[in-house]
Structure formats: structure tokens, C-alpha cells
Amino acid sequence: AAREEVPDVLAGIGEKFSKNAGVGLAFLAGKNTSPSEARLVAEVRRKFPRAIWAEYEPIDADVHRRAATLATGKAVAPRYELARARRIVSLDCDFLGVEEDAHRYIRDFAKGRKLAGPDKSQKDKLMNRLYVVEALMSQTGANADHRLRLVPSQMIKLAARMAQAVLTQSGSTNQSLLGKLAELGDGFDGHSSWIAECARDLIANKGDSLVVAGERQPLEVHLIAHVINVALDGVGKTVNFLPAADLGAANIGELNDALNVGGVDTLVLLGGNPGYDAPVDLNWTASQAKAKTIVRLGGAEDESFPAEGYQIPLAHYLESWGDARSSDGTYVSVQPLIAPLFDGMTTIEVLARILGSKTAKGHDIVRSTFASVAGSDPLGSKWKKLLHEGYWAGTAAQPVHNVGIDHAAVNSALGRVSDA
């Protein structure tokens with residue numbers, strides 16, 4: 001189809017599936033924090049309640065949110081406050097290297113590496129101390145005061161032993177949890193002195209200590225880290241929990257199953273390249289071809305390029321209007337630096353067309369979303385300030401209070417590992 005036909009094609013999809021509540025319509029998108037996209041996705045779900053909305057990232061850091069939600073029983077995600085931590089334990093968490101929000105963690109960690117005064121006898125109280133457990137040397141490991149090299153398969157056992165030591169020294173009477181930790185750590189006899197000294201140091205700095213697990217670690221290691229942090233009285237001090245609702249998106253495996261049973265008539269791919277980076281056992285390329293109609297928003301004729309269907313050029317973010325939420329929830333704008341080179345479209349523009357929206361330009365979509373954030377703006381002064389500043393002050397998320405451990409959920413999750 002010619003580029004001029006794309007708006008009509010997208011509008012036609014909306015008209016077709018509005019008649020059956022979206023049966024046979026499926027979307028696959030990446031994860032992002034755009035309020036405008038979130039607003040349009042909500043509208044898509046309302047208009048097409050029986051459509052499939054799936055999300056996929058080849059490298060997914062969502063384990064942080066999923067673990068925090070399971071551990072606390074609340075829809076939250078952790079935000080670590082390294083600037084306030086005097087003792088930090090990293091369980092294969094390269095927060096100075098490749099973890100999300102590393103730029104902030106680097107700055108905050110560096111604040112704690114500066115001696116506040118010349119009194120060397122007080123250096124342990126004035127400067128933070130970093131313990132790192134990892135298999136391969138990382139940027140965080142290179143900065144460690146105490147580094148322990150450990151094979152990946154033993155990480156959960158060490159974490160369980162450390163949690164057991166911290167809870168015992170803290171006077172915990174939760175025998176069920178202590179029993180699960182003992183089962184997980186069973187057979188791990190190495191590095192007992194390292195674990196004991198680390199646990200003692202954490203207890204000695206209760207309220208100023210922090211344990212973080214890396215995105216490569218399984219959910220259970222993250223759960224153990226949260227248990228330790230709560231026992232160390234770190235909530236609200238070295239770790240905060242911000243609201244992070246689960247939007248209930250399907251995963252790529254569920255969408256793949258629907259394609260294989262002929263449940264997808266029209267597949268809309270919004271960015272990404274699942275033909276290249278989807279799990280090999282899905283055989284995604286073959287599954288994708290089973291959709292009768294494929295509409296793909298992409299930046300290249302790559303592995304996900306539809307042999308039959310529509311390929312819409314994806315606009316680069318530097319030539320697009322958009323918005324996002326920073327790691328603390330602050331609303332930020334995305335503004336184009338150049339005019340579009342190839343008349344591409346963005347995800348929000350494609351969704352708006354499918355919805356049949358009268359506002360289908362990126363600028364107008366974002367401005368409409370901003371109005372719901374900042375309130376009435378008849379003279380446009382707020383919009384001009386947003387574009388000038390790049391963010392809207394006062395929109396950071398507020399930490400969730402009264403956060404504790406859902407022991408039943410944690411015991412159940414850890415029990416499934418020990419029984420395996």
C-alpha cells in the first residue's frame with residue numbers, strides 16, 4: 001500500500017473490529033512509560049475488549065516490579081536510595097553499569113564514597129561500604145570493598161543463607177520463613193565467614209543498609225532481598241516503593257499460541273523485531289505468518305518485515321512528539337529536533353488512527369494528555385513552560401506507605417523452589 005493509504009487502512013481496522021468487540025485483533029508492543037500511549041492503550045481496551053494486547057521486551061527488567069508486588073502484596077516497584085545507604089550488598093546487580101536507572105545510582109553511590117571529614121578513626125561511619133556477589137567482573141564489582149565470586153547456580157543459596165543470618169540476628173520468630181530459607185540454603189557450606197561478617201555489618205547499620213538483586217537473577221532472589229531489606233528497617237529509608245500497576249498485558253507466548261490456533265485475523269506490530277529476538281522455541285516467524293493481515297510499524301525491512309501486509313515506517317524519536325515518565329514518575333516531554341525525514345509514524349499516532357480519533361497527530365495527542373496532567377490551560381502558558389523546562393514539576397510519584405512482607409506469598413514462592 002502507498003503511504004497515502006495508511007490512514008485509511010488503520011481506520012478500516014478500527015471500523016472492522018468495533019463491530020465484534022475486537023475478536024481476532026491482536027497487538028504486540030514493547031514496554032514503555034509514555035502516559036500518552038497508556039491513555040490510548042486504555043481506550044483500545046475499552047473499544048476492543050476482546051482483542052489481545054501483548055507486550056514483549058527481549059531484555060526485560062520487569063522482575064523488579066513483579067518481585068516487589070509479590071513480596072509486599074501491593075502493586076509497587078522498588079526505588080533504591082543509594083545516597084542514604086551506608087552498607088550495600090549487591091547480589092549480581094550491576095547498578096553502576098547495565099541496570100536500569102544506572103545514571104542515578106552512579107551519582108547517588110558516589111555521594112557516599114566521599115569522606116565527610118579527615119577523622120580516619122570514623123571512616124566506617126563516614127563512607128559507605130559495598131559488598132558484591134557475582135559470577136563475572138562488572139563495573140559494580142570493580143568498585144566493591146568486598147567482592148565474592150560465585151557461580152550463578154549458587155546465588156539463591158547464598159542469598160538464603162544471608163537472609164537466614166540477618167533474620168536470626170534481628171530476632172525474627174517467623175519459623176516458617178526461616179525454615180524455607182534453611183531448605184533453600186541446604187548444601188551450601190562455603191563462604192560461611194563472609195556471609196556472617198556481612199550480615200553482622202548489615203545489622204550494625206540497621207536502617208542504613210540495602211540489599212539489591214540484579215535483573216538477571218530469578219524472582220526468588222529478589223524476594224529474599226526484599227525480606228532482608230524489611231528486616232533491616234530499610235523501607236522508607238534506603239528503599240522506597242512507588243505505585244506500579246500491572247496493566248494485565250498478555251506475553252508473547254500467549255499471543256504466539258493464539259496465532260497458532262488461528263485466533264488472530266489482524267496482527268498489529270508496534271515496533272520491535274520479534275522475528276529476530278523472540279524466544280527460539282516460539283518459532284515466531286512462522287506463527288506471525290498465520291495472521292491473515294499484518295500491519296507492522298518498524299524502522300527497517302528486517303526479520304519481522306511482513307511478506308504480505310503493511311509496513312509503516314517508524315519515526316525516530318528525535319523527529320517525533322511524545323512523552324514519558326522518569327524513574328521517579330515525573331512527567332517529561334519528548335520534542336522533535338528535526339522535521340520528519342521519511343514521513344514516518346509513532347506508536348501513539350498508529351493507535352489514534354485505529355481508534356478513529358480526530359486527534360491523530362503526535363503533537364495534539366501529547367498536548368491532550370498533558371492537559372489531563374496539568375489541568376486547564378486556555379492560554380497555553382503551561383504547555384509553553386513544559387516545552388521550555390522539559391518536565392512538569394510536582395508530578396513525581398509518592399512512595400507507598402505501610403509496606404511490609406506478605407509472608408504467605410513469599411513462603412509459597414520460595415517453597416516452590418525448594419520443592420523443585
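User: Which residues does Glu81 touch, not counting residues up to four places away in sequence?
Analyst: With those neighbours set aside, Glu81 touches Arg104, Lys237, Thr238, Val239 and Asn240, where contact means heavy atoms within 4.5 Å. Please keep in mind that this is a predicted model, in which local features need pLDDT of at least 70, side-chain atom pairs count only at pLDDT 80 or more, and totals for chains, interfaces and linings use all residues. Residues are numbered from 1 along each chain as its sequence is written, and side-chain values use heavy atoms, with hydrogens and water left out.

User: Is Glu81 buried or exposed?
Analyst: Glu81 counts as buried because its relative accessibility is 17%; buried means under 20% relative accessible area, exposed over 50% and partly exposed in between, with a 1.4 Å probe and protein chains only.

User: And where is Glu81 placed?
Analyst: Glu81 lies in the loop between strand E3 (76-80) and strand E4 (87-91). Helices (H or I, at least four residues) and strands (E, at least two) are DSSP runs, numbered from the N terminus.

User: How many bridges join E3 to E8?
Analyst: E3 and E8 run antiparallel and are joined by 5 bridges, and two strands count as paired if DSSP finds at least two bridges between them. Val76 has Pro243 in E8 as its bridge partner. Strand E8 (residues 239-243) has 4 of its 5 residues buried, so it is largely enclosed by the rest of the structure.

User: Switching to E4, what is the strand order in its sheet?
Analyst: The order is E6-E5-E4-E7, in an open sheet of 4 strands with parallel pairing. Strand E6 (146-149) and strand E7 (209-213) stand at the edges with a single partner strand each, so one side of each has no neighbour in the sheet. Neighbouring strands of this sheet are turned by 10° against each other on average, direction ignored; such angles run from 0 to 180 degrees between N-to-C directions, and axes are lines fitted to C-alpha atoms, for helices over the stretch in contact.

User: What stands opposite Leu91 in E5?
Analyst: Leu91 stands opposite Val133, and E4 pairs with strand E5 (residues 129-134) in the parallel sense over 5 bridges. Helix H7 (residues 155-169) packs on the sheet, touching E4, E5 and E6, and its direction makes about 150° with that of E4.

User: Now the helices: at what angle do the axes of H2 and H14 cross?
Analyst: The axes of helix H2 (residues 35-47) and helix H14 (residues 347-355) cross at roughly 25° and come within 10 Å. That makes H2 roughly parallel to H14, since angles under 35 degrees count as roughly parallel, over 145 as roughly antiparallel, 65 to 115 as roughly perpendicular and the rest as oblique.

User: What kinds of residues make up the contact of H2 with H14?
Analyst: They divide into 8 nonpolar, 2 polar and 3 charged, with Ala, Val, Leu, Ile, Met, Phe, Trp, Tyr, Cys and Pro counted as nonpolar, Asp, Glu, Lys and Arg as charged, and the others, Gly among them, as polar. Among them, Leu40 and Val44 belong to H2, while Ile348 and Leu351 belong to H14.

User: How many residues of H14 are buried?
Analyst: H14 is mostly covered, with 8 of its 9 residues buried, including Glu349 and Val350. Gly356 follows H14 and has a positive phi, near 75°.

User: And how many helices and strands does the chain have?
Analyst: The chain has 17 helices and 14 strands, and buried residues make up 47% of its 420 residues.
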